Amino acid sequence: MPKFVTETMLYHRDPGSASQDEADLVSIVTVADLFCRWRSIDYGGYEASDGGESEYETWCRMAAHFPGIDRGTIEAIIGDLDNSIEDIRLQVESIFLFI
């Protein structure tokens, strides 16, 4: 498997351990995973968060890999995603219908 796939699978719950080459993708998947878990948009195997970073801290970690993303942008993205929860939930559920 390509390194970007294996590192993303291995480190999406520990993005600080990803290599610098794969940190961008790993951080995006980390944010997506946490967003879905914290809003109970999941595959039926929900795991409680062990605490760790706050959602905002996780977004900031991701944003550090992408110049131009500031606090206002992060808050706007989170707001847009929160307003789209039902659509996101339906899309996630449709993925797991085929598994």
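Helix 3 and helix 4 are oblique to each other, a class for angles that are not under 35 degrees (roughly parallel), over 145 (roughly antiparallel) or 65 to 115 (roughly perpendicular). Welcome to a predicted model, in which local features need pLDDT of at least 70, side-chain atom pairs count only at pLDDT 80 or more, and totals for chains, interfaces and linings use all residues. Residues are numbered from 1 along each chain as its sequence is written, and side-chain values use heavy atoms, with hydrogens and water left out. The chain holds 5 helices and 0 strands, where helices (H or I, at least four residues) and strands (E, at least two) are DSSP runs numbered from the N terminus.

**Overall make-up and confidence**

- Read from the N terminus, the order of elements is α-α-α-α-α.
- The chain has 99 residues, and 27% of them are buried; buried means under 20% relative accessible area, exposed over 50%, and partly exposed in between (1.4 Å probe, protein chains only).
- Of the contacts between residues at least 6 apart in sequence, 41% join residues at least 24 apart, with contact meaning heavy atoms within 4.5 Å.
- The average pLDDT of the chain is 79, and 85% of the residues score at least 70; pLDDT is the predictor's confidence in each residue, on a scale from 0 to 100.
- Confidence is highest in helix 1, at 87, and lowest in helix 3 (residues 55-63), at a mean of 77.
- Where pLDDT is low, the predicted coordinates should not be read in detail.

**Helix 3 with helix 4**

- Two packed helices are described by the angle between their axes and the distance between the axes.
- For helix 3 and helix 4 (residues 71-83), the angle is about 120 degrees and the axes are 11 Å apart; axes are lines fitted to C-alpha atoms, for helices over the stretch in contact, and angles run from 0 to 180 degrees between N-to-C directions.
- From helix 3, Glu 55, Tyr 56, Trp 59, Cys 60 and Ala 63 meet Arg 71, Ile 74, Ile 77, Ile 78 and Leu 81 of helix 4.
- This contact of helix 3 with helix 4 comprises 8 nonpolar, no polar and 2 charged residues; Ala, Val, Leu, Ile, Met, Phe, Trp, Tyr, Cys and Pro count as nonpolar, Asp, Glu, Lys and Arg as charged, and the others, Gly among them, as polar.

**Helix 2 with helix 3**

- Helix 2 packs with helix 3 at an angle of about 160 degrees, their axes being 9 Å apart.
- That angle makes helix 2 roughly antiparallel to helix 3.
- Here the crossing of helix 2 and helix 3 is left-handed.
- On the helix 2 side are Ser 27, Ile 28, Thr 30, Val 31, Leu 34, Phe 35 and Trp 38, which meet Glu 55, Thr 58, Trp 59 and Met 62 in helix 3.
- Sorted by class, the contact of helix 2 with helix 3 has 7 nonpolar, 3 polar and 1 charged residues.

**Helix 1 with helix 2**

- The axes of helix 1 (residues 3-11) and helix 2 (residues 23-38) cross at roughly 40 degrees and come within 9 Å.
- Helix 1 and helix 2 are therefore oblique to each other, and their crossing is right-handed.
- Helix 1 contributes Phe 4, Glu 7, Thr 8 and Tyr 11 to the contact, and helix 2 contributes Leu 25, Val 26, Val 29 and Thr 30.
- The contact of helix 1 with helix 2 has 5 nonpolar, 2 polar and 1 charged residues.

- Ser 27, in helix 2, is buried, with a relative accessible area of 3%.
- Apart from neighbours within four places in sequence, Ser 27 is in contact with Met 62, His 65 and Phe 66.
- C-alpha to C-alpha, Ser 27 and Gly 16 are 8.7 Å apart in space, and 11 residues apart in sequence.
- Val 5, in helix 1, is partly exposed, with a relative accessible area of 24%.
- Val 5 and Glu 22 are 17 residues apart in sequence, with 9.0 Å between them in space, C-alpha to C-alpha.
- Leu 90, in helix 5 (residues 85-96), is exposed, with a relative accessible area of 53%.
- The C-alpha atoms of Leu 90 and Ile 41 are separated by 8.9 Å, and these residues are 49 apart along the chain.

Notes
A crossing is left-handed if the near helix is turned anticlockwise from the far one by less than a right angle, and right-handed if clockwise.
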